[in-house]
Amino acid sequence: MEKIKDLEIINELLADRQYTRLRQRLADMNIADIAAVMEELEEEEERLKIFRILPKGMAADVFSYLEVENQQLIITSLSDRDAANIINNLMADDAADFLEEMPANIVKKLLANASPETRRDINHLLRYPEDSAGSIMTVEYVDLKENMTVEDAIQRIRQIGVDSETINICYVLDAKRILVGTVALRYLLISPSDAIIGDIMHENVIFLNTMMDQEEVARQFQKYDFTSMPVADNEGRLVGIVTVDDVVDILQEEATEDIEKMAAIVPSDKPYMKTGVFETWKKRIPWLLLLMISATFTGKIITSFEDALGIFPILTAFIPMLMDTGGNAGGQASVTIIRGLSLNEIGYTDVPRILWKELRVAVICGITLSAAYFAKLMLFDKVGMNVALVVCLTLTAAVSIAKMVGCSLPILAKRLGFDPAVMASPFITTIVDAISLIIYFAIATKVLGI
């Protein structure tokens with residue numbers, strides 16, 4: 001409601017050209033709320049007006065919250081000097097993320113006009129692989145020397161703290177820039193001014209490696225409950241920090257990617273409403289084609305048992321139920337295992353326990369479903385005992401095998417180096433459908449003598 005109210009007021013001020021009042025209104029708003037309102041404005045010209053009206057101290061902060069399309073719109077509308085000023089005032093990690101999405105000609109111009117320090121920091125970040133700790137870290141942090149006094153440390157924080165991502169935790173380095181400790185700001189404030197940093201610092205430092213995958217970075221934050229973590233190279237030299245706001249973005253990105261893969265969609269880095277029809281088609285059609293082709297095996301199985309279906313045509317009526325129930329059972333198991341793998345709750349050594357657990361769950365589920373369906377067949381469908389027996393035996397077997405397949409394939413995929421999310425419901429359903437039909441007709445052949 002608050003955002004709607006802000007949007008209405010800003011629209012009125014823009015329409016009445018009351019730019020002084022608009023500037024005052026924007027100055028009182030949170031930068032994230034300003035960005036959200038800008039995203040809601042329909043006209044590009046209105047977004048540009050608001051950005052130009054923003055106080056200079058707020059412009060770069062608001063810019064970092066905008067979607068890439070609006071960032072590009074704004075940066076290309078500014079003069080070279082103003083554009084460079086925005087880049088210079090962004091945190092290095094935000095600037096690097098922004099430039100990665102820009103066309104090469106724009107990047108070249110922006111870097112040419114940026115300050116030497118900004119160019120150095122951005123180029124430093126861009127050299128790391130995508131989705132690594134090095135690519136998401138920021139180089140704006142407070143570093144201290146272990147031989148400093150507390151008074152010297154506080155003076156240094158006053159000098160460089162304004163441009164740092166956070167000053168809550170300061171990082172202590174030796175003469176070779178090796179990370180040797182950390183010290184919290186609150187300890188500096190309560191310690192004697194002549195105390196030596198090396199004596200009050202915390203020496204057991206938990207740090208990230210520059211090449212660590214961002215998903216593992218998120219796990220480390222979850223494990224230790226830190227708001228920021230240092231990033232060091234292979235020699236232990238401090239090169240940057242990752243803050244919790246970046247981890248929130250990682251978690252959202254990784255969760256979205258897993259959900260898309262589990263739905264048989266090639267992951268996209270754009271919001272749904274910003275993705276065109278043709279681009280959406282390209283993301284969805286590869287898996288649809290693969291699953292369609294693999295589903296032809298199901299048709300071949302049915303075709304090979306045409307004679308049996310000709311003798312007992314009623315068997316055809318139960319095929320959709322058996323296939324759907326088996327697919328759903330396999331999907332339940334696979335989603336549970338995929339999530340466990342993502343959260344590092346499951347390892348390869350747990351495979352025997354997982355299979356044994358899922359087997360017992362599968363048998364209980366299968367028997368429960370079969371009992372319920374057997375009652376339906378006998379009381380409402382009035383089918384023969386033999387047909388009901390075939391259907392219910394198949395149901396128990398299909399659910400049991402589906403759960404075993406669903407829990408084992410994601411683990412196998414990860415072991416082979418693939419994303420476990422690929423082995424989710426659509427893929428497993430196709431496999432289980434074929435297995436269920438084979439079991440169905442095998443049992444029907446034995447029980448019904450066809």
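Helices here are DSSP runs of H or I with at least four residues, numbered from the N terminus. With that in hand, welcome to a few close-up views of this predicted model.

**View 1. Aspartate 131 sits in the loop between helix H10 (116-126) and helix H11 (133-136).** Its phi is near 70 degrees, a positive value in a residue other than glycine. Is aspartate 131 buried, partly exposed or exposed? At 27% relative accessibility, aspartate 131 counts as partly exposed, because that class lies between the 20% and 50% cut-offs.

**View 2. Arginine 17 lies in the loop between helix H1 (2-15) and H2.** Here too is a residue other than glycine with a positive phi, this one near 60 degrees. The relative accessible area of arginine 17 is 64%, so the residue is exposed.

**View 3. Helix H5 (residues 56-65) has five residues to look for: Met58, Ala59, Ala60, Val62 and Phe63, its buried ones.** An α-helix has 3.6 residues a turn, so residues three or four places apart point the same way. Which helices do the buried residues of H5 pack against? Their partners are helix H2 (19-27), helix H3 (31-40), helix H4 (44-53), helix H6 (68-77), helix H7 (80-89) and helix H8 (92-100).

**View 4. Three strands make an open sheet, in the order S1-S2-S3 and with mixed pairing.**

**View 5. Strand S1 (residues 143-145) runs parallel to S2, and three bridges join them.** Follow lysine 145 across to S2 and you reach leucine 173, its bridge partner. Together with helix H12 (residues 150-160), S1 and S2 build a β-α-β unit that is right-handed.

**View 6. Strand S2 (residues 169-173) is mostly covered, with four of its five residues buried.** Its pairing with strand S3 (residues 179-184) is antiparallel and extends over five bridges. Which residue in S3 is the bridge partner of cysteine 170? Valine 183 takes that place.

**View 7. The hairpin of S2 and S3 has five residues between the strands.** Look for arginine 177 in this hairpin: its phi is positive, near 65 degrees.

Methods: Residues are numbered from 1 along each chain as its sequence is written. This is a predicted model: local features need pLDDT of at least 70, side-chain atom pairs count only at pLDDT 80 or more; totals for chains, interfaces and linings use all residues. Side-chain values use heavy atoms; hydrogens and water are left out. Buried means under 20% relative accessible area, exposed over 50%, partly exposed in between (1.4 Å probe, protein chains only). Helices (H or I, at least four residues) and strands (E, at least two) are DSSP runs, numbered from the N terminus. Contact means heavy atoms within 4.5 Å. Two strands pair if DSSP finds at least two bridges between them. A crossover is right-handed if, with the strands pointing away from the viewer, the path from the first strand over the helix to the second runs clockwise.
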